[in-house]
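This briefing outlines the overall architecture of one protein chain.

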Amino acid sequence: MIKHAADLHQLPPTNDLLLAGGDDRLTLDAGSGRSRYGCRPTPDHDLVSLGSSTASHISPYAYQAADALRQRCVQAMRREPELVVYRQALTTVRQRLLAYCGCAPADSPMTLLAPSGTDLFMVVANLRQPQCTVLIDGAETGSGVPLALLGPRQGAPHMVAVRETDGSLRDAGEVDAEYAAIVEEAASQGQRVLLVLTDVSKTGMIAPSIASVQALRARWPDHLDVLVDACQFRLDPMTVRAYLAQGFMLALTGSKFLSGPTFSGALLLPRAMAANAVHAVTSHSNFGMLLRWEAALTEMERFAAVPQTARLRWARHFEDAVTHGVAQNAAFTPLPVAAIDRSALGVPAGWDGVQTIFPFTLRGADGHLLDAAEARRVYLQLQLPAIGTRRYQLGQPAAAGALRLCLSARMIADLHEGVAPDIDVAAPLARIAQLLA
């Protein structure tokens, strides 16, 4: 417990806390002062964030909110033990997140917070202890997810590709059939199965189809658990509630579409599944995660204030701008993305039915297709200062070495509030073309 002003060093400065309680992906490079995602723990006014599928730099609004929460915690710790203050603050985070999702207090899901999406998968594996797990291939999900799903009762998870090696789409029916075959074989042997339904993947895909998962769940209700990997959080609250109504677990993060700092995860799950889980996750304080969630919630609540019609309008505007911009240069080839289909959930199509992640491959001046390593060099160069141009943060190379232009909640809120005059994708695309010349 903090009792004197001299003891304030027990809670580090906001800059340090925003980098704490995660892993080495938050470590700053000694030369650039940025993480491996190109982010600093303070607002970076010269960097344009267009890569929310990977990470975004923290905004002034979000940083101020995180700093204010730290100050409130310091004051509260003059009166209460650290862990009490921390748990009270986490309760507020959960309440705000559920309020955004429109979940009524009487039947709201259990909400567990963890540093990252990868940690959420580990929590699910420990809670449900599946004997068989099936999910999308590694190119479309978090790099640490397969390892996190190595539960106490199973080996490596089964991974299903949704693209060919050249980035083209596999037949959706074949993808569904591959998932189903794995589930059927394991469930018919009496095994507990965890199926991870990805909505949305690194390149904007939903897999397997929602209708196919519903059919499998109806066939194997006592053997099949479903976790919706919605770590991109590109879902309208209506869609979140529709998934919960199916009895599915949901993994969310505040660091992708919401554009909060990297490392803020939340798991929504039926209360019957959550025995002792809250105590396990909050048995020690993680003020870094707490402040990162505060930053994400600030962006979330700005986005929540934007009318639905405006969200849809700006999402379509971004889709048109990127589609047109990529088509203007032969050095860019859009990676195909299947149309978003959540019709099986029975919810009206909203802004989240519009594509918001746009992957595209690059060709050099000699016409060769850049591989992942070459595309990464371009990705990093975009973040470096250059005369006559701003710095740009895109989504890091994904399937087939594709870079990604991404819409975020912050961008929509900035447009609605007049903070940003319009969406500019022409300038970053021109800068990429310059680097490829």
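Domain bounds, as used here, come from an automatic or database domain assignment. On that basis, the chain of this predicted model is divided into domain 1, covering 84-302, and domain 2, covering 306-436. Taken over C-alpha atoms, the centres of domain 1 and domain 2 are separated by 25 Å.

**Domain organisation**
- Domain 1 contributes 34 residues that are in contact with domain 2, and domain 2 contributes 33 residues to these contacts.

**Secondary structure and overall dimensions**
- The chain contains 14 helices and 13 strands.
- Along the principal axes, the C-alpha atoms of the chain fill a box of roughly 65 × 60 × 40 Å.
- The radius of gyration of the chain is 21 Å, which agrees with the value near 22 Å that a compact globule of 437 residues would have.

**Packing**
- Of the 437 residues in the chain, 56% are buried.
- When contacts between residues at least 6 apart in sequence are considered, 73% of them join residues at least 24 apart.

**Surface and charge**
- Charged side chains in the chain comprise 38 positive and 41 negative ones.
- The centres of the positive and negative sets lie 6 Å apart.

Notes: Residues numbered from 1 in each chain as written. Predicted model: local features only at pLDDT ≥ 70, side-chain atom pairs only at ≥ 80, totals over all residues. Heavy atoms only, no water. Helix = DSSP H or I, 4+ residues; strand = E, 2+ residues; numbered from the N terminus. Rg over C-alpha atoms; globule rule 2.2 N^0.38 Å. Buried < 20%, exposed > 50% of the residue type's maximum accessible area, 1.4 Å probe, protein only. Contact = heavy atoms within 4.5 Å. Lys, Arg positive; Asp, Glu negative; His and termini not counted. Charge placed at Lys NZ, Arg CZ, Asp CG, Glu CD.
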